[in-house]
Amino acid sequence: MKLKGAKVLVTGGSSGIGKATAELLIQEGAEVLITGRDEQKLKSAAKEIGAVPVHADVSTDEGVERAYDAVGERLNGLDILVNNAGIGSRKPVDELTRKDFQEVFDVNVFGAAMMAAKASAIFKKQKHGNIINVGSTASLKGYPTGSVYTASKFGLRAMSQCWQAELRPYNVRVLHINPSEVTTAFGQESRRERPEEPQKLTAVEIAHAILSALKMDNRGFIPELTVWATNPF
Ligand SMILES: NC(=O)c1ccc[n+]([C@@H]2O[C@H](COP(=O)([O-])OP(=O)(O)OC[C@H]3O[C@@H](n4cnc5c(N)ncnc54)[C@H](OP(=O)(O)O)[C@@H]3O)[C@@H](O)[C@H]2O)c1
């Protein structure tokens, strides 16, 4: 697809992978709306990269409504949803609580699903569109203390496969992308970006993979991509 003039909504676009993806899309001439929870951080990221900020928490119905009100008012249409907003969790199995699952699933699974539900209604009507679900290598394999996060990302991957099957007849492309470790603010209590490490992935590699997949002619799509650091050891 052509990215110039494309109308894009990136959830969690105020830092890390979402911000890098929004920035590369804007450099290609796309019109990009970004969401986030911390309003100050969101506004300053939007100013820096030239995006439209929408203060909207994807884990609430109100936040989802606000994001799509802004899509209507500011973008007047939608070609691409990047379902990127996500939070982490690490806990031993014998310490798990129901609340741990609720908090993470509200964002990583239910939030992504509600954002995609609204996008799909638009995409089915116009008979084209793109959904990028930012999964994780935790969508593919469990590990110690990963019960909550991996369950949420396996869930997102399952939904990606359902949406691929359901939306292909409407020319809608759904890409599920699995980054391995990326040095962002993810999982940081301070919410500050981690410094780059020469052998670990940065958000730019993930953004680049997303743009490469989108640029393919609409007659084809990549259902799933996994991105590893070459030698993180
Ligand atoms: N970093 C990694 O190693 C890694 C690896 C694989 C997959 N991922 C996935 O990549 C995605 C992006 O993570 P990242 O590494 O770029 O982390 P990040 O720098 O922490 O960025 C997360 C973004 O999501 C936003 N966000 C969080 N909860 C939200 C909510 N309820 N509503 C709206 N926005 C929300 C954050 O805004 P606020 O700061 O305002 O909350 C921030 O803009 C996540 O889905 C994550 O699971 C990350």
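**Reading a predicted model**

Reply: With 13 C-beta neighbours inside 10 Å, Glu65 counts as partly exposed. Please note that this model is predicted. Glu65 belongs to helix 3, which covers residues 61-75.

Me: Why does Glu65 count as partly exposed?

Reply: The general idea is to count other C-beta atoms within 10 Å: 20 or more make a residue buried, and 12 or fewer make it exposed. Glu65 has 13 such neighbours and is therefore partly exposed.

Me: How far apart are Glu65 and Lys118 in sequence and in space?

Reply: In sequence the separation of Glu65 and Lys118 is 53 residues, while their C-alpha atoms lie 8.9 Å apart.

Me: At what angle do helix 3 and helix 4 pack?

Reply: The angle is about 35°, and the axes of helix 3 and helix 4 are 10 Å apart. Val64, Ala67 and Tyr68 of helix 3 make the contact with Met114, Met115 and Lys118 of helix 4. Sorted by class, this contact of helix 3 with helix 4 comprises five nonpolar residues, no polar residues and one charged residue. Helix 3 and helix 4 cross in a right-handed manner.

Me: How are helix 4 and helix 5 oriented to each other?

Reply: An angle under 35 degrees counts as roughly parallel. Helix 4 (residues 98-126) and helix 5 (residues 147-167) pack at about 15°, with axes 9 Å apart. Helix 4 and helix 5 are therefore roughly parallel to each other. Their crossing is right-handed.

Me: Which residues of helix 4 and helix 5 meet?

Reply: Among them are Phe101, Val104, Phe105 and Phe123 in helix 4, and Val148, Tyr149, Leu156 and Trp163 in helix 5. By class, the contact of helix 4 with helix 5 has 14 nonpolar, four polar and two charged residues.

Me: Which residues of helix 5 are buried?

Reply: The buried residues of helix 5 include Ser147, Lys153, Met159, Ser160 and Leu167. Helix 4, strand 5 (129-134) and strand 6 (172-179) are among the elements that cover the buried residues of helix 5. Helix 5 has 21 residues and spans 30 Å from its first C-alpha to its last, close to the expected 30 Å.

Me: What is the phi of Thr145, and what is that of Asn171?

Reply: Thr145, in the loop between strand 5 and helix 5, has a phi near 70°, a positive value in a residue other than glycine. Asn171, in the loop between helix 5 and strand 6, has a positive phi of about 65° although it is not a glycine. Thr145 has 15 other C-beta atoms within 10 Å and is therefore partly exposed. Asn171 is partly exposed because 16 other C-beta atoms lie within 10 Å.

Technical notes
Residues numbered from 1 in each chain as written. Predicted model: local features only at pLDDT ≥ 70, side-chain atom pairs only at ≥ 80, totals over all residues. Axes fitted to C-alpha atoms, helices over the stretch in contact; angles between N-to-C directions. Helix = DSSP H or I, 4+ residues; strand = E, 2+ residues; numbered from the N terminus. Parallel < 35°, antiparallel > 145°, perpendicular 65-115°, else oblique. Left-handed = near helix turned anticlockwise from the far one by under 90°. Contact = placed C-beta atoms within 7 Å. Nonpolar A, V, L, I, M, F, W, Y, C, P; charged D, E, K, R; others polar. Expected span 1.5 Å × (residues − 1).
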